[in-house]
Structure formats: structure tokens, C-alpha cells
Amino acid sequence: MKTETIAIHAGNTTDHTTGAVIQPITMSTTFERMEDENYREGYVYSRSANPNRKALENVLTALEGGIDAAAFSSGNAAGMAVFQSLTPGTHIIAPDDMYHGLRNQLKQLFAGILEFDFIDIDDADVLKAHIKPNTGLIWIETPSNPLLKITDIKKIVAVAKQYDVKVVCDNTFATPICQQPLRLGADLVMHSTTKYFGGHSDLMGGALITADKSEWWQKIRQVQEMGGAIPSPMDCYYLVRSIKTLPYRVKGHMQNAQLLAEFLNTHPAVDQVLYPGLASHPNHDIAKDQMTGFGGVLSFCVQGDRDDAHRVINKLKLFTKATSLGGVESLIEHRATIEGPDTKTPFNLLRVSVGLEHIDDLIADLQQALES
């Protein structure tokens, strides 16, 4: 099936008792045993499994071309499950511009338990130089947040295989509509389903999708079940519903982002535009090779400093000044302020989650903010 069809059908089961076309929400936390002590559909307790969570995991698996998926209560919970599944003392290599929420997890919660290095992961020589006997995981994020760097997934996988190291890819910015890292050799894909999967800035979730039901994956499943950081049946239901329109929403986000990036790229008040869909992006060719679309997020640096960036952001009328991304409404934020004192983000950079408003209105709003 094509992606649009998968998004509609892979997460839905017609109710066999009522014939309801849309799968109902199963709020029960526990399930009745039959006389032989077995369970009708294998469900025991909702922390372990729930029909709505199973439906969500089914469609996530199909969209990413994986073999299984595990849904979590947030993207950070999904990332933490990966770290919790590792043997103490395992060494992790991650990009130097890794999403700050997960970077801070490693630095503040796993210090002394796991080892980690944050490096320029796109330099193969630097990557090889940092691999140790206890290196067990390479974490990649492409496109990256908020610098929109593109990592060559196949190149990283090739290095990892030489040393028998696992590769996890944070695919949140791209979504499976634009990129499928498992098909490029990654072992695991992570998503903050809060973003494009939810698509309306009104629910929170995370997910991991695997290429193989390995012993490591079983440990991750154990973390999910025993840790209990799971989405509610209601959140799972709404995620499945939102995913049905994901392919078409992402197409709209990408179209608007490309046109907005092209406008900003020629504006005299803009110093630099970071968007892989521009030919001027340093990794444009890699993006074209491994992506089917360039996503709906861009960043740009205004001419000037932090104060100039804040002046622009405060003059905008359609772009809401808020964190997060992937919703139908356009959001903008000053990332360096969010990320804290150890940020590597330029202080004149603004990150934009391009929404589904009419592109002429978005361009006009940015134009008046940049020129007034």
C-alpha cells in the first residue's frame, strides 16, 4: 500500500461486536479472564497493552517500514527508554547539536551510568576516532533541531556496522512521509508524536519503531511495560485519527516551508536561511538522496544580534511565539533562549514551524516584521 493508504487503514480495526467503522476507545484498565484463565484478545492490563495503543503501534510500524513499534507518553519518554535499555557503562555517541531535551537527559540523569560524547557526527574520521570498545549506540538526528543539519544516514550506518554498534535516528522533523531511516539501515527510529503525528498541538506522545525484534528491542519493550510511561487510550485514539491526514498535512507544510525559505533567502534583513530544500544548504544533495521531502521546519538568522531577533519575533501577528512544532498553526521561537546557557544555537536565530495558513499571508507577516 502507498503511504496515504497505510495512514488511513493500518491503525484502524472495525469493531466486530457492533460493526463500528471507527475503532472505539477502550478505557478499561483491566480485562476479564475466560474460564480457562486465558484472555479473549490477549489483553491483561492496560499498562502492558491496550487495543488503542496497539492500533497506534500498528500504523507507526507500517509507516516507518519496521517490524514493531512501542508508543510512549512523550518523545522524551521514548528517548529515555532507549537509554534505560542500555547496560550501565555503555558509551553513546551523539551529535553536538542534539535536541537539548535528550541531551540534558544524558548529562543530568545518566551521568555516571552511561558514557557519552557529543561530536560533529557528520565527520566520519571524527566519528571513528570516538568509537571505543564499550561504544554501543550512535544517536543521529536528521534534520537536526534547530540548525537543520542533514546527517548521511547510510554513511553513519556503514561506520556503525564496522564496529557492531547500533544506530538510532530521531526522525521527528522529517516524519516517515519525508524519510524512512530503517530502510537506510538504522536499527531504531524515534519520534516525538506530539509534533506532526498529532499535528494540532493538543496531545503529547512519543514512539520507537524497530527494524528487528532483537533482544535489545525486548529490553525496550520491558522498559515500556514496567516503567509505564505510556500514552492514554484517548491520546492513542486521537493520534491514530490525526495520522490519517498526516501525508496530506506534511505535503502542505513542506510546500509552505519551501516558499517561505525562498522568500527569506532573498530578504536583505536575513543573514542566513537553514532549510535543506534550498540549493544553498550545505547538505542539500544528501537530503535529496535520502529524503522524499524536506519537512516543514526552517530556521533563519536575522541581520544583527539577539535584540534584533526579538524585535522581529515580537512584531509578528500570525506566527505564535511558542515552542514545539508540527501543528497546523505557524509557530516561531528564539531557540537559544529555550536551550539555556550551553546552547550552540546562534542568538540571532529564529526557528519556524511553518503551518498550513495561506503562504501569501505568512510571507506578508514576515515581511512587515522584517521591514518595520
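Reader: What places Lys251 over the face of Tyr248?

Author: Lys251 is 4.8 Å from the ring centre of Tyr248 and lies over its face. The model is predicted: local features need pLDDT of at least 70, side-chain atom pairs count only at pLDDT 80 or more, and totals for chains, interfaces and linings use all residues. Residues are numbered from 1 along each chain as its sequence is written, and side-chain values use heavy atoms, with hydrogens and water left out.

Reader: Why is Lys288 called partly exposed?

Author: Its relative accessibility is 49%. Buried means under 20% relative accessible area, exposed over 50%, and partly exposed in between (1.4 Å probe, protein chains only); Lys288, at 49%, therefore counts as partly exposed. Lys288 belongs to helix α11, residues 284–290; helices (H or I, at least four residues) and strands (E, at least two) are DSSP runs, numbered from the N terminus.

Reader: Why is the pair of Phe31 and Tyr43 called tilted?

Author: Five aromatic pairs are counted in this model. In the pair of Phe31 and Tyr43, the centres are 5.6 Å apart and the planes make 35 degrees. Rings of Phe, Tyr and Trp (its six-membered ring) pair if their centres lie within 6.5 Å; planes under 30 degrees apart count as stacked, over 60 as edge-to-face and the rest as tilted. The pair of Phe31 and Tyr43 is therefore tilted. Both residues lie in the loop between α1 (3–9) and α2 (51–64), so the pair ties together parts twelve residues apart in sequence. Phe31 and Tyr43 are both buried.

Reader: What makes the pair of Phe83 and Phe110 edge-to-face?

Author: The centres of Phe83 and Phe110 are 5.7 Å apart, and the 75 degrees between their planes makes the pair edge-to-face. Phe83 in helix α3 (residues 75–84) and Phe110 in the loop between α4 (100–109) and β3 (115–119) are 27 residues apart.

Reader: How do you know whether Phe83 and Phe110 are buried or exposed?

Author: Phe83 has a relative accessible area of 1% and is therefore buried. Phe110, at 7%, counts as buried too. Ring pairs join Phe83, Phe110 and Trp139 into a cluster.

Reader: What makes β1 and β3 the edge strands of the sheet?

Author: The open sheet has seven strands in the order β1-β7-β6-β5-β4-β2-β3, with mixed pairing. Strands β1 (68–72) and β3 each pair on one side only, which places them at the edges.

Reader: How do you know that β2 and β3 pair?

Author: Strands β2 (residues 91–95) and β3 share five bridges in the parallel sense. Pro95 stands opposite Ile119 in β3.

Reader: What makes a set of residues a nonpolar core?

Author: Such a core is a set of buried Ala, Val, Leu, Ile, Met, Phe, Trp, Tyr and Cys residues joined through side-chain atoms within 4.5 Å. The largest one has 66 residues, and Leu56, Leu260, Leu264, Leu298 and Phe300 have the most contacts inside it. Helix α10 (residues 246–265) gives the most to this core, with eight residues. Apart from it lies another core of 25 residues, including Ala70, Trp139, Trp216 and Ile220.

Conventions:
A charge sits over a ring if NZ of Lys or CZ of Arg is within 6 Å of the ring centre and within 35 degrees of the ring normal. Two strands pair if DSSP finds at least two bridges between them.
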